[in-house]
Amino acid sequence: MAQIGNFLRSRIWTLTAGLVLAGVAVLALGQAGLWSLIAFALACALVIRFMVPPPLPQPALPRGGGRIAELPPMTRLLLEQLPLPVMLLDVDQRVFFVNEPMRGLLGPGALRSHVSTLFRNPAVLEVLGHTARSGQPASVPFTLPVPIERHFQAYSATISTAPPVTLLLLHDLTAIRRSEQARADFVANASHELRTPLAAVTGFIDTLRGHAKNDAEARDQFLEIMSVEAARMRRLIDDLLSLARIELNEHVPPQGRIVLEHVVREAAAALTPLAEADDIEVTVQGGAGLPEVMGDRDELVQLFQNLIHNAIKYGRQQGHVWITLGQAVDEQVFVTIRDDGEGIPAGAIPRLTERFYRVDVKRSREKGGTGLGLAIVKHIVSRHQGRLTIESQPGGGATFTVSLPIIPAENAAKSPDSLAVTELL
Ligand code: ADP
């Protein structure tokens with residue numbers, strides 16, 4: 001009943017006009033004329049119903065005198081849930097809707113502002129103007145310089161013509177730009193690091209071919225330097241390959257069950273000759289009976305070799321390197337490597353795991369460093385879902401701690417057989 005009532009109310013003017021017309025027709029044409037008129041009206045209605053295409057549906061934005069009153073709930077919900085910053089502009093280019101990501105970007109108070117007060121960038125205003133004038137979508141890249149530089153691609157589109165509504169959507173390209181920049185910097189740094197020893201080797205080859213041709217003493221000396229530079233290039237290439245391999249597998253959790261004490265003792269034993277050369281004593285304590293960790297054996301050996309090697313390289317001559325294993329309260333096993341060298345300035349600590357970052361480039365080179373050791377450590381720790389902490393007091397040595405999660409109890413209880421059965425099922 002209510003539906004019929006609504007229908008009649010919505011068609012009230014059409015019905016009234018029809019009745020008035022019928023009255024006029026009866027008065028003017030008589031009853032036969034009225035029937036002809038009804039037949040003609042029916043024919044017209046049929047032609048309009050089936051021959052004329054229906055109008056294109058407009059987005060269901062409620063209007064108030066040609067302006068937007070408010071967004072329909074579903075549209076609002078959809079735009080609010082979008083993870084990209086979005087705003088809607090009315091015919092005067094004033095903001096009547098912003099979603100949460102756009103609020104996060106512009107701060108509060110964007111609503112009802114003119115778009116030109118929010119985006120000072122002429123290119124963004126130009127694409128919005130273009131879309132408002134032509135109804136055509138457009139897009140442009142732009143940069144927000146403050147508070148931190150961010151790069152975006154702005155997309156504008158008309159989503160309603162009556163009343164006019166322009167949508168502005170932003171795609172954040174900052175992470176992509178940063179990773180492109182990091183890649184370019186990495187290639188530039190790697191080439192530079194390789195070019196220096198290569199230039200030394202080619203220079204000595206020319207000298208040996210030229211004026212040092214018959215100088216036996218100079219020849220031996222130059223060949224020695226060339227061998228050192230060649231070894232440096234080899235170490236750099238080895239580290240670059242390690243880094244690439246570890247990065248490739250970083251998202252794949254390691255599958256081996258590792259007794260950490262064995263791995264740490266193996267790494268320390270491999271470096272004993274280097275420690276002895278500087279008269280440095282290396283001691284390993286703790287570790288017996290610690291729970292196993294999930295890990296990649298080769299990668300963990302490399303991780304601890306890099307850290308112990310650094311402790312020897314940057315430690316004190318005739319000094320000491322202490323390696324301690326233990327279990328923390330939070331289901332983690334830790335390994336601490338401490339030296340009694342010069343330590344690291346506080347400002348440098350957050351940058352140590354950056355590729356090619358060194359506190360003292362000359363010292364690192366003299367010690368045969370590539371500047372990649374701690375970057376490799378960081379990636380191995382991250383693949384093992386562990387944690388790396390670095391503490392140092394200038395003049396008081398440095399302490400590097402690696403924490404790795406122990407294998408959870410239900411995994412530890414499984415025998416290899418029960419694992420295989422589970423996989424088959
Ligand atoms: P490198 O090949 O130069 O040793 P790493 O990535 O292993 O490269 O280390 C980066 C820098 O961190 C080193 O050049 C050094 O300046 C600093 N560093 C690393 N370990 C120590 C340490 N135990 N004591 C003092 N400085 C260290």
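Two residues are in contact if their C-beta atoms, placed from the backbone, lie within 7 Å. This is a predicted model: local features need pLDDT of at least 70, side-chain atom pairs count only at pLDDT 80 or more, and totals for chains, interfaces and linings use all residues. Residues are numbered from 1 along each chain as its sequence is written.

**View A. Contacts of Ile308.** Beyond its neighbours within four places in sequence, Ile308 is in contact with Ala267, Ala268, Leu271, Val282, Val321, Ile323 and Ile337.

**View B. The largest nonpolar core.** A nonpolar core is a set of buried Ala, Val, Leu, Ile, Met, Phe, Trp, Tyr and Cys residues joined through C-beta atoms within 7 Å, where buried means that 20 or more other C-beta atoms lie within 10 Å of a residue's own. Here the largest such core has 36 residues, and Phe304, Ile308 and Val321 have the most contacts inside it. α11 gives the most to this core, with 7 residues (helices are DSSP runs of H or I, at least four residues, and strands are runs of E, at least two, numbered from the N terminus).

**View C. Helices α11 and α13.** Their axes, lines fitted to C-alpha atoms over the stretch in contact, come within 9 Å and cross at roughly 140°, the angle running from 0 to 180 degrees between N-to-C directions. Among the residues making the contact are Leu303 and Leu307 of α11 and Ile376 and Ile380 of α13.

**View D. Around the ligand.** The ligand is surrounded by 21 residues (C-beta atom, placed from the backbone, within 6 Å), and the closest are Arg358, Val359, Ser364, Gly369 and Gly373. α11 (297-313) and α13 (373-383) are the elements that give two or more residues to this shell.

How values were computed:
Buried ≥ 20, exposed ≤ 12 C-beta atoms within 10 Å, placed from the backbone.
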